There are 2 protein chains.
Amino acid sequence: APAVLAAAGLVVLAQRQLVTGRRADGKINNKVSPEVPKVVTKEDLEAGAKKVYCRCWLSGTFPLCDGAHAKHNDETGDNVGPLIVSVKKSG
Amino acid sequence: APAVLAAAGLVVLAQRQLVTGRRADGKINNKVSPEVPKVVTKEDLEAGAKKVYCRCWLSGTFPLCDGAHAKHNDETGDNVGPLIVSVKKSG
Ligand code: FES
Ligand code: FES
């Protein structure tokens, strides 16, 4: 009976995750600077700059996007993508 | 026996998630533009601009950060934070 109850409980949890699409333990970053309490990135851009920034936390070139979001989206049905920042040329 | 086997399998899955910190179904965005295949944001900044961009996908002011990452980090032990972009003033 305890095993059956445990199984039922876990099935309910698994179903809820499928339905809500919620994160397992909630973490979305398991790779970037694990030693840092909060990963805040500061960027100073100049006129004419164009940068593509990662928002999936899986890029090998973080904070920049390296396209890793595509595999992540394919595998999970997610729809995340980068932030593209452009600065006008001066003059 | 089937119930016991199911219970054992689910316990193994749950433990692996705890150990690896991996996402449940892998999705990290369950809120922003669900109708879009890939959420790519394009921003054009001018001289003197300073913007704080969300990378946790939980902000109520996405693509900008509204501080929602703090609750997320508290609840999950994650360490995500925003991208802060500054553009030099011209002149
Ligand atoms: S690699 Fe993370 S958004 Fe592209
Ligand atoms: S609210 Fe998402 S990074 Fe701050």
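This is a predicted model: local features need pLDDT of at least 70, side-chain atom pairs count only at pLDDT 80 or more; totals for chains, interfaces and linings use all residues.
1. B:His69 sits in helix H2 of chain B, residues 68-76. With a relative accessible area of 9%, B:His69 falls under the 20% cut-off, so B:His69 counts as buried.

2. Now the two chains as a pair. Chain A goes onto chain B by a rotation of 180° with 0.0 Å of shift along the axis, at an RMSD of 0.1 Å. The copies are therefore related as by a two-fold rotation axis. Both copies use the same surface, with 100% of the contact residues of chain A recurring in chain B.

3. On the extent of the interface: 55 residues of chain A are in contact with 55 residues of chain B. Between them the chains bury about 4500 Å², and 55% of that is on carbon and sulfur atoms.

4. As for polar links, 34 residue pairs across the interface are in polar contact, both partners at pLDDT 80 or more. S3(A) supplies the largest share, eight residues. By type, that side divides into 27 nonpolar, 16 polar and 12 charged residues.

5. Last, the salt bridges: there are two across the interface of chain A and chain B. Worth a look is the side-chain pair B:Lys88 and A:Glu46, which meet in a salt bridge at 3.0 Å, N to O.

Conventions: Residues are numbered from 1 along each chain as its sequence is written. Chains are lettered from A and ligands numbered from 1 in the order in which they are written. Side-chain values use heavy atoms; hydrogens and water are left out. Helices (H or I, at least four residues) and strands (E, at least two) are DSSP runs, numbered from the N terminus. Buried means under 20% relative accessible area, exposed over 50%, partly exposed in between (1.4 Å probe, protein chains only). Copies are superposed by least squares on the C-alpha atoms of residues with pLDDT of at least 70 in both. Contact means heavy atoms within 4.5 Å. Buried area is the accessible area (1.4 Å probe) that two parts lose on being put together, summed over both. A salt bridge is a side-chain nitrogen of Lys or Arg within 4 Å of a carboxyl oxygen of Asp or Glu. A polar contact is a pair of N or O atoms within 3.5 Å; within protein, one must be able to donate a hydrogen and the other to accept it, and residues adjacent in sequence count only if both atoms are side-chain atoms. Ala, Val, Leu, Ile, Met, Phe, Trp, Tyr, Cys and Pro count as nonpolar, Asp, Glu, Lys and Arg as charged, and the others, Gly among them, as polar.
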